[in-house]
Amino acid sequence: MKKFKKQCTDRIYELLIKLQVDRENEEIKRTICHLYGIIDIIKAQGEEEEEDNIAKIILDNTNFLARQKQVLRLIEEFSKIEMPILGEEPTDPNISREDRITLVHDFFKEVLDRHMYEVFSQLLKRRKELVHYFKNPNENKVNREVYLPFYHEAHIFINETSSIDTISSLCHEYMHAIISIINDDFNQSHILAEIPSEFAETLVLDYLKRDPLLNAFASDLLSYTYCDYLSDAKILQIQSELLKKCHFRDEVNFHKFQNTINHLKKQDRFKDVEEYFDTEVLSTFSASEYLKYSIGQVMEQILFLAYREDPQKARFILRKLINLNWHQCFKDLRNDLFALGLEPTEETAKTYKSLIMNPQSSCFKK
């Protein structure tokens, strides 16, 4: 079956190449758009992937992280934070789909600048054709924004879970869609490209905290989300340490791997994530998949804190961020981000944690 799926995908690409020669034909252009979109969605949802060899996964992770030393420095301070103790998650407030859309609209109206809000409004008007909800939501279905460049059209696919979680997911994907429309040169696959959407996801939960009926759930979800990314940052640091000590290149030495894990477990900075040293967890963790989101979460902290101090300044930084040259090398792009004030520090991490873990800390007034 997997071989057949690959043959089908290859055949579609072959047809797309042939179709490119007749782009002036409107019907063919729409077909190309939809085919690209379908392939992208299939990849995103990826039913069942073939199980990789554990050694290969570990080797892929370590080799990937070997090329990401500069990127990993951005999450260094964040990964040192002690893991908060969380209580039980409260009952979902069960908000209707239309009420969720209303909350998303009101949030973006308040936080976006005029031009970004106008783009969002146009997307919202077409939500019945551009926003697609999975009929049978489950953890294997991934939220996704698919941009069709020929038609300047952004489709959003949402996995409806709890009401508040769905609201934050909508804001995350709508931010991707807004950026696609504003700047189709924005490189959505870049290692730093999740910053604006992670910012929207965090800020909307802070926005919902101002409502007494939603405060408990929004606060808890914000804390759980924060801890998820904190865990990812710590696992990435563990993987990085394993790389430094094991020097895997072409083959994984499991004896050395396990001995290194046992040594790292004893270090104070990893004492609160001992469960993440499990060999199975480390061998199924995709460093490339999680690093982008972990970086987005770390870098959006500065933008989040800036918004609390001065919303107008944060909007200005956000627009500058979106319009950067995203095709330049990481070092130059990082320097551009630092010039905008988006440089993570130990103080940033501590301030962010204190606000995220405080249910009464919303910067929005009722």
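Trainee: How many of the residues of α10 are buried?

Mentor: The model is a predicted one. Helix α10 covers residues 195-208 and has 14 residues. Buried means under 20% relative accessible area. By that cut-off α10 is mostly covered, and its buried residues number 14 of 14.

Trainee: What span does helix α10 reach from its first C-alpha to its last?

Mentor: At 1.5 Å a residue, the expected value for α10 is 20 Å. The model comes close to that expectation, with a reach of 20 Å.

Trainee: Which residues touch the most other members of the largest nonpolar core?

Mentor: This core has 93 residues. Its largest share, 12 residues, comes from helix α11 (residues 215-246). The residues that touch the most other members are Phe-108, Ile-164, Tyr-174 and Leu-192.

Trainee: Which residues is Ile-164 in contact with, leaving aside its neighbours within four places in sequence?

Mentor: Contact means heavy atoms within 4.5 Å. With the sequence neighbours set aside, the list for Ile-164 includes Asp-92, Pro-93 and Ile-95.

Trainee: What percentage of the protein's residues are buried?

Mentor: The protein has 17 helices and 3 strands. Its residues number 366. The buried ones make up 49%.

Notes:
Residues are numbered from 1 along each chain as its sequence is written. This is a predicted model: local features need pLDDT of at least 70, side-chain atom pairs count only at pLDDT 80 or more; totals for chains, interfaces and linings use all residues. Side-chain values use heavy atoms; hydrogens and water are left out. Helices (H or I, at least four residues) and strands (E, at least two) are DSSP runs, numbered from the N terminus. Buried means under 20% relative accessible area, exposed over 50%, partly exposed in between (1.4 Å probe, protein chains only). A nonpolar core is a set of buried Ala, Val, Leu, Ile, Met, Phe, Trp, Tyr and Cys residues joined through side-chain atoms within 4.5 Å. The expected span of a helix is 1.5 Å times one less than its number of residues.
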